[in-house]
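Here is a short briefing to read alongside the picture. Take a moment to look over the fold, then follow the points below.

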Amino acid sequence: MSKNKRKQDNTMLLILLGILLVCFLMIGFLFYKYFYSGISTSKYGDTRLEGIENYKLSDTLSEDIASVYAETSSVNKTNVTVEGRVIYITIDFKESIKVDTARDLAIKSLDKIGEENLTYYEIQFILTYSGETENTNFPVFGSKNANSLKVVW
């Protein structure tokens, strides 16, 4: 092989390696952009929690809802968790109770959330039973959409 031919081959090889390197850099940048670009934003996105400052929940919401069931002997414990625009209300019953009665008891907690907040927050009910006798009717799940007045079980 002549010196000139070898120089052409080396030049062509360097050009191809440069193109390959640019392609790898572009692919790496696109992977980074696709997988990590939104990592610093809220887990709910930019618009999901828009206006939440206008719908303040009580700092004592959990205690307020627990007080609704303080006189009810069939309720063992309650737990209230707020995540974004969803309020999770878990009610544990220690006595065997009819499902309809449990549902009616659960709906009483909506009064403590406030009528205005019910139009903004989604409500999720989880009714459980931890009594000693067997009860196959539990767990019961319910949901109230912000756009609806009814709880769907």
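In the hairpin of β1 and β2, 2 residues sit between the strands, and G84 has a positive phi near 65°. Strands here are DSSP E runs of at least two residues and helices are H or I runs of at least four, numbered from the N terminus. This is a predicted model: local features need pLDDT of at least 70, side-chain atom pairs count only at pLDDT 80 or more, and totals for chains, interfaces and linings use all residues. Residues are numbered from 1 along each chain as its sequence is written, and side-chain values use heavy atoms, leaving out hydrogens and water.

**Strands and their partners**
- Strand β1 (residues 75–83) pairs with β2 in the antiparallel sense over 8 bridges; strands pair if DSSP finds at least two bridges between them.
- V75 has F93 of β2 as its bridge partner.
- On to β3 (residues 122–129): β2 and β3 run parallel and are joined by 8 bridges.
- F93 has Y129 of β3 as its bridge partner.
- Strand β2 (residues 86–93) is largely enclosed by the rest of the structure, because 6 of its 8 residues are buried (under 20% relative accessible area, with a 1.4 Å probe and protein chains only).

**The whole chain**
- The protein has 5 helices and 4 strands, in the order α-α-β-β-α-α-α-β-β.
- Its radius of gyration is 29 Å, well over the 15 Å that the globule rule gives for 153 residues, so the protein is more spread out than a compact globule. This radius is taken over C-alpha atoms, and the rule is 2.2 Å times the number of residues to the power 0.38.
- The C-alpha trace spans about 100 × 40 × 25 Å along its principal axes.
- Of the 153 residues, 27% are buried.

Terms used
Buried means under 20% relative accessible area, exposed over 50%, partly exposed in between (1.4 Å probe, protein chains only).
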